[in-house]
Structure formats: C-alpha cells, structure tokens
Amino acid sequence: MSLNLEMLQVVRLAPRLLGDSAELIAQFLYGLINDDGGFCDRSGKSDLYYTSFGVGGLLGLQQDLPLPKLRQYIERFGDGDGIDLVHLSCLARCLHAVWSRDDAWRTRQMADRVDTLLSHVESHRAEDGGFNVERGSARGSVYGCFLAVGAYQDLGRTPPEFSSLRSCIESFQCDDGGYANGMELPIGLTPPSSGAATLLRHWGCAEDPRLTRWLWERYHRSGGFCVMPGIEVPDLLSTATALHALVGVHADLKPIQESCLDFVDSLWNARGGFHGSWEDDDLDCEYTYYGLLVLGHLSLRN
C-alpha cells in the first residue's frame, strides 16, 4: 500500500469520532475552493500544496470531489515543468485522486505525463542517492525522500535504487535515536523521525526500539506530541505524524487516547477546521487534514 493511501485510509476512520461534525468539516473544506478549482492557502490564493490536503480531507470524509474544476486547476501545472519537489509530489497526489475517478481523462493523460513528471522528480536526486527539495544537493533529506517515494507510488511506479534511499535516510539518525531532516539542523525532529520510521517500515525493516522510544518521549503530558526535545508546546503536525509512526509499529495508544482527544479538541474551531497549535490563530486545509489523521488513529481500539 502506498504511503498516501495508507494515511487516507486512516483519515476515513475519523467520522467514527466526529459524528455530525464531519459534515461541518466537509463544508469548511468546500469553502476553501476558489473559482479556479484550487484550494486556497492562508492568504486566500489557490495553491497546489493546499489543494492536495483539501482533496485528501474530502476523500477521507467520503465526499465528492469537484472534478471539473479540479481538473481545470491541475491542468495549469501540465507535467510539472518548473515546479519544486514539494509541489511535484502534490501534483502526483492530485492526479492520482482525479485519475482514480475519471478513467477517460486518465487514459488521455497518463503515459507520457507520468514519465515526464517523474523525470522532474528525479532531477531532485542527490549525490548520495536520496532526494532533496533543493536540486543539485550532495545529500538527500528524509523529507525529500518521503515526497519522492510518495510521488512514485501515487503515479503507479516504484522508486529505483531502494538501497541508496535507505542509506540516505539512515544517515540522518542522531545519537539519541531521533532523525534530523538535514545536516543544517543535526538534531532529532518529530516529523522527519516519524517519516523515517514509516518509510523504513514500508521497506520491511525491523522496528528500531531507540526511534520508537524517542517518539514516545515527545509526548506532552497534556496531550499531543512536541516537535523536538526541549519544546513543551505540542502541535498537530507532530502529533499526527508521531501517532502514524507509532501505530505502524503496533504501539498501544490507550494510555494517551483521552489526553490526545482533548488536545485535538482544543484545536477544533466552530467553523469546521483545526488550528495547527495553541499558538496558531489561522485555519487551513493542511492542518484540518492532520486533525482528521489524528482522529482516525484515535478512533482505533487496540
């Protein structure tokens, strides 16, 4: 199963806890769609990055996608020429969502487009065999590898050179067991540590007890997970990614289930979206997706 499909299946469990509020979240997400078919960023402009999260949120809530408008928006990006690795990954995710619901468009668009789009992804291959959001890098990054693998999978392809990807990722493990995203900040962070755990699990690697312990140590006593040692403010991204990684190694969430529910509820807004943290005043479809991912994991009974 692909990385993104695995997360989407968890998001689809969120309505178990949401009840009637699921419809409110769906309406919030629909309200973020601009006239050009893209989902808006925090400034109100359509953005491919936010569109991928808006699409994922609607699919997770079993809602219909605005296919004609979404196709129109995706067409603006063609085969991904001139866009960065983050947005290439988002384009691949959006294409997969539309193609799986529109066979005729998929047939007309797919073959040449996939090859060219993935050639742009490959242009982000680093000298060490990993991927980096910056072209021409000597070393990849955990985030870059996660994005590239997701793009390949969403487009129905397998990333080449598995061994070099694994070596790249493992090179970022810190002495305490966590993973840094890159050498410019050589300390463990929760999102790349969770991403590394998820990628290595997908490749059949054995659980790393040090990494699992490091993730558990990021749990905040009031609920949620923090981004790094020494930070005592939990956030929704760290919580969503940490829970996803821990569930992947069959961790028991029961001891923290209620406190995490309280945490995510504290970030809920009556408009239907989620804030990223207690210090975040804005709402967007990215953090709303992460809120749904958290709720999906917490809906599971171990």
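How do the axes of helix α10 and helix α11 cross, and within what distance do they come?

## The model

This is a predicted model, in which local features need pLDDT of at least 70 and side-chain atom pairs count only at pLDDT 80 or more, while totals for chains, interfaces and linings use all residues. Residues are numbered from 1 along each chain as its sequence is written, and side-chain values use heavy atoms, with hydrogens and water left out.

## Overall build

The protein has 14 helices and 0 strands, where helices are DSSP runs (H or I, at least four residues) and strands are E runs of at least two, numbered from the N terminus. Buried residues, meaning those under 20% relative accessible area with a 1.4 Å probe and protein chains only, make up 57% of the 302 residues.

## Two helices that meet

The axes of helix α10 (residues 190–202) and helix α11 (residues 209–217) come within 11 Å and cross at roughly 145 degrees; axes are lines fitted to C-alpha atoms over the stretch in contact, and angles run from 0 to 180 degrees between N-to-C directions. Thr190, Ser193, Ser194 and Ala197 of α10 meet Leu211, Trp214 and Leu215 of α11 in this contact, for which heavy atoms must lie within 4.5 Å.

## The nonpolar core

The largest nonpolar core has 95 residues, and Val121 and Leu236 have the most contacts inside it; such a core is a set of buried Ala, Val, Leu, Ile, Met, Phe, Trp, Tyr and Cys residues joined through side-chain atoms within 4.5 Å. Helix α6 (residues 85–99) gives the largest share of this core, 11 residues.

Not counting residues up to four places away in sequence, Leu236 touches several residues, among them Phe263, Leu267 and Tyr290.

Technical notes:
Buried means under 20% relative accessible area, exposed over 50%, partly exposed in between (1.4 Å probe, protein chains only).
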